[in-house]
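I opened the model to look up helix packing and strand pairing. My entries are below.

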There are 2 protein chains.
Amino acid sequence: MIKGARLPLAATRGLNTVEVNELIEGVLERRPRAVARAISHVETRGAGRRQLIGKLYPRTGRARIVGVTGPPGAGKSTLTDRLARLLRGAGETVGILAVDPTSPFTGGAILGDRIRMQTLYTDPGVFIRSMATRGAMGGLAPATHDAIDILDAAGFDWILLETVGVGQDEVDVVRSVPTVVLVTLPGLGDDIQAIKAGIMEIADVFVVNKADRDGVERAQLDLEMMVALADDPPWRPKVLKTVAIRGEGVEELLGEIETHQKWLEESGEIGNRRRRQLRLRVENVLKEKILERADATVGLDKEIDRAVQNGTDPYSVADGLYEGVIGAEREG
Amino acid sequence: MIKGARLPLAATRGLNTVEVNELIEGVLERRPRAVARAISHVETRGAGRRQLIGKLYPRTGRARIVGVTGPPGAGKSTLTDRLARLLRGAGETVGILAVDPTSPFTGGAILGDRIRMQTLYTDPGVFIRSMATRGAMGGLAPATHDAIDILDAAGFDWILLETVGVGQDEVDVVRSVPTVVLVTLPGLGDDIQAIKAGIMEIADVFVVNKADRDGVERAQLDLEMMVALADDPPWRPKVLKTVAIRGEGVEELLGEIETHQKWLEESGEIGNRRRRQLRLRVENVLKEKILERADATVGLDKEIDRAVQNGTDPYSVADGLYEGVIGAEREG
């Protein structure tokens, strides 16, 4: 039983090389505590993360990764849990990452929600983890991608990434996974329709959940018309109906996910997605690196204080920090 | 009448120094086309943005800046428009930035929505602009902060920043403005409550909008209890009720915003917020800079293609790019 309990930050900050190697060994053997600890380490952007992911990366690429996204209230958690149960029934192991970036202070709201799904929690073939990090330097995307690598290297057959489909970082994270399921529900107002439109283009499968409610035909039709508008797309998303709470339609959804994953491989589109994902990750790591160096060599807080006093514009402050880093690297 | 029409990207990319100076002059004279063009330039992260903001920055700091945030469907646009009308009635000029980061493809969904609010559109004392940029290199936050500077330097008395309160970048943007109004509505489900919790800590004023609906007392009570839990906070947010569509409660809201802004100055808390905002901006500019340099000196696409072929992990790719930049700066 793995509850994805989070260790205190301090406990993961200072891993030495021996500890990192032990962690890697533990992850590769899929030991729950090691997996949890490794994720905590990348979540807190611990100093050993580079080594950790560097060593695990060659062991990744086997898991099937699915993003489940959509507006608040669409029933993403329930649907994700139902997918996980179905996969477990077929003997597959499942890692679930619930990305909850909007709760920096209450971190774990989604996880709390999940306590209801008791069956999954007592199943050793399932690992559930809520990601809620907003480190000063790090970010949501790098930590989530690293956590996916950890679960992949640990040998989970499937990784389900659940995220609220709103916000730039969140869209970036979910769009870099192979198959994206966009969950919506009947009767959303105009405001939510607008939000949906933004992530429309990244959806590989549409789901109208809560399909026992009024307005489901309309919601389905709206989506189907939108999908039909695309002019000869390489992949045309289906629009499925589910009642996740009762498990209805979940088997069809899994079937469609598998069809999409087969298409990705056969069409070669998987290569494009890998490139996009790697580019996003590299950009994020590079950003982390320059900020860490700037903080270590010049000191961010000190520079900010000075700039506020002098009324220096942000571009000039950044230039100064950049020059400071270059200067230090030159000497070093 | 300024409709915030967006110029084609190419038109703003290649501004020379003379053109940037003309733009600065136009912004300082609050010429609508110049303001619109300057915002387009920072939105597309054009090459002249550094110079543009560097020159405008000393002219900023006069506008009163208010963030209006909350979950989809809460009625943020309507409330923002009502606030703007009220301010106009008092002879104040108003700039509105509607941050719509989730619609990279349909950009302008919120703006489209606003077409309903005809009165504001024909008023030369109001500038409305939808921000929907997701540049490869840039990001939402830097563009939005630069746009705020432009409106501030242009002499708008008030700047209203409207954003969906979900997502890391979006929270970062809104939390760096002086006064944050969190708009919610009666009868939200658990899922939305969880999201609300994440931005709870950054709210300076709570609004239960659509207060003519069932459940308003309950929603207000919930928020008031949450606010009461805080142990001797420097500022305890009020919980107000509005029916924005009919303008009810908007005057009280504006009064409370003004009270909060007075408190910021008197308590010195405004200094903390300025530091926090500048730090966020400097970090973002520094990130942009390293990515631009890496792309110019090593070439991001080329490196990514090679890394995908070789199965190189993202940390090693980023290290290589970083070393490439350092090497180039050393020679240059």
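Conventions: I work with a predicted model, where local features need pLDDT of at least 70, side-chain atom pairs count only at pLDDT 80 or more, and totals for chains, interfaces and linings use all residues. Residues are numbered from 1 along each chain as its sequence is written, and chains are lettered from A and ligands numbered from 1 in the order in which they are written.

Entry 1, chain A. I looked up helix α3 (residues 32-43) and helix α8 (residues 140-153) of chain A; their axes are 9 Å apart, at about 160 degrees. That makes α3(A) roughly antiparallel to α8(A) (the angle, from 0 to 180 degrees between N-to-C directions, is over 145). Helices are DSSP runs of H or I with at least four residues, strands runs of E with at least two. I noted the contacts (C-beta atoms, placed from the backbone, within 7 Å): A:V35, A:A38, A:I39, A:V42 and A:E43 of α3(A) meet A:A143, A:D146, A:A147 and A:I150 of α8(A). This contact of α3(A) with α8(A) has seven nonpolar, no polar and two charged residues (Ala, Val, Leu, Ile, Met, Phe, Trp, Tyr, Cys and Pro count as nonpolar, Asp, Glu, Lys and Arg as charged, the others, Gly among them, as polar).

Entry 2, chain B. I found the axes of α3(B) (residues 32-43) and α8(B) (residues 140-153) coming within 9 Å and crossing at roughly 160 degrees. That makes α3(B) roughly antiparallel to α8(B).

I checked β6 (residues 205-208) and β7 (residues 238-241) of chain B, which run parallel and are joined by four bridges (pairing takes at least two DSSP bridges). B:V205 stands opposite B:K238 in β7(B).

Definitions and conventions:
Angles under 35 degrees count as roughly parallel, over 145 as roughly antiparallel, 65 to 115 as roughly perpendicular and the rest as oblique. Two residues are in contact if their C-beta atoms, placed from the backbone, lie within 7 Å.
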